[in-house]
Amino acid sequence: MKGTRYLMQRHPFKPSHKVRNAIVIIIIFIAVVVIGFVIVGHQSDNKKATSSSKVSHSSSTSSSKKKTKKASTSSDTSNSTSAEESTSIISSSTSVAAAPSVASSEVSQVLSSATQDATQTPVQDNSNTSSVSGSSSSSSAASSSTTTFGNWSLATYNEVALGSATYDQIRATYGNPTYLTADQKYAYATWQSQSGAKVSIVFTPSGESNNVQLIASNKTQSGLQ
């Protein structure tokens, strides 16, 4: 009995060990909680950064598309306006009452007669008929930059009154056409210069059975200024 008491007195349970273990467990728990919060916070920051990046990219893409669309619309409008202005200057037409079907024989005769007026020879440019002397190189440069030929210029082209000017009047004023073709309804006359500028006029056979005339109904020019 004495020995047993001696042993119990020599090896009692130390309360300090219990406290130390409790402190260690608490510290480990706190460390785990802190690490968990750090990981969750880091993931949240990444998600926010990714979301912000996507929103920024989407906004940038949308803005870029809007700018591109506006530029394209502006360019299309500009091109359309330029084309319309150019067309209004170069070409114009009007409606002309065609000759009655009973005048078909006279229409054919008038068209056939007109086709024989074509010279098949380009009209001389006005610079080539000038009496100014100079070297061949300067003469060539003047010829290449000419914008008028024969009696044709932009002013005289604009003076052709569609709907009333007849083929005979125009031919008497500006000379015989370089080329002239005809079908059963129209005559197509072209005055062309040596440098390539040209005036084209479409004539519609019009009038009574006994008085068919070719009336200018469409005109087009290129190379005139």
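A salt bridge, for these notes, is a side-chain nitrogen of Lys or Arg within 4 Å of a carboxyl oxygen of Asp or Glu. I'm working from a predicted model.

**Entry 1: the salt bridge**

I searched the chain by that rule and came back with a count of 1 salt bridge. The partners are D117 and R171, whose side chains meet at 3.6 Å, N to O. I then looked up where each one sits: D117 is in the loop between helix 3 (104-115) and helix 4, while R171 belongs to helix 6 (residues 167-174). They are 54 residues apart, so I've noted the pair as a link between distant parts of the chain.

R171 comes out at 27%, which puts R171 in the partly exposed class.

**Entry 2: the loop between helix 4 and helix 5**

Next I went to the loop that runs between helix 4 (136-144) and helix 5 (154-159), and picked N151 there. Its relative accessibility is 46%, so I have N151 down as partly exposed.

Which residues does N151 touch, leaving aside neighbours within four places in sequence? I found T156, T173 and Y174. I followed up on T173: a polar atom of the N151 side chain lies 3.0 Å from the backbone oxygen of T173. C-alpha to C-alpha, I get 7.7 Å between N151 and T173, which are 22 residues apart in sequence.

T148 sits in the loop between helix 4 and helix 5 too. I checked its side chain and found a polar contact with the side chain of N126, at 2.6 Å. With neighbours within four places left out, my contact list for T148 reads D125, N126, S153 and L224.

**Entry 3: the whole chain**

Then I zoomed out. I count 6 helices and 5 strands. Reading from the N terminus, I wrote the order down as α-α-β-α-α-α-α-β-β-β-β.

How much of the chain is buried? Of the 225 residues, 21% are. The chain exposes about 15,500 Å², and I noted that carbon and sulfur atoms supply 55% of that area.

Last, I looked at contact range. Taking contacts between residues at least 6 apart in sequence, 61% join residues at least 24 apart. The D117 and R171 pair from my first entry, at 54 residues apart, is one example of a link between distant parts of the chain.

Methods. Residues numbered from 1 in each chain as written. Predicted model: local features only at pLDDT ≥ 70, side-chain atom pairs only at ≥ 80, totals over all residues. Heavy atoms only, no water. Helix = DSSP H or I, 4+ residues; strand = E, 2+ residues; numbered from the N terminus. Buried < 20%, exposed > 50% of the residue type's maximum accessible area, 1.4 Å probe, protein only. Contact = heavy atoms within 4.5 Å. Areas by Shrake-Rupley, 256 points an atom, 1.4 Å probe, with all protein chains shown as cover. Polar contact = N/O pair within 3.5 Å; in protein donor to acceptor, adjacent residues only side chain to side chain.
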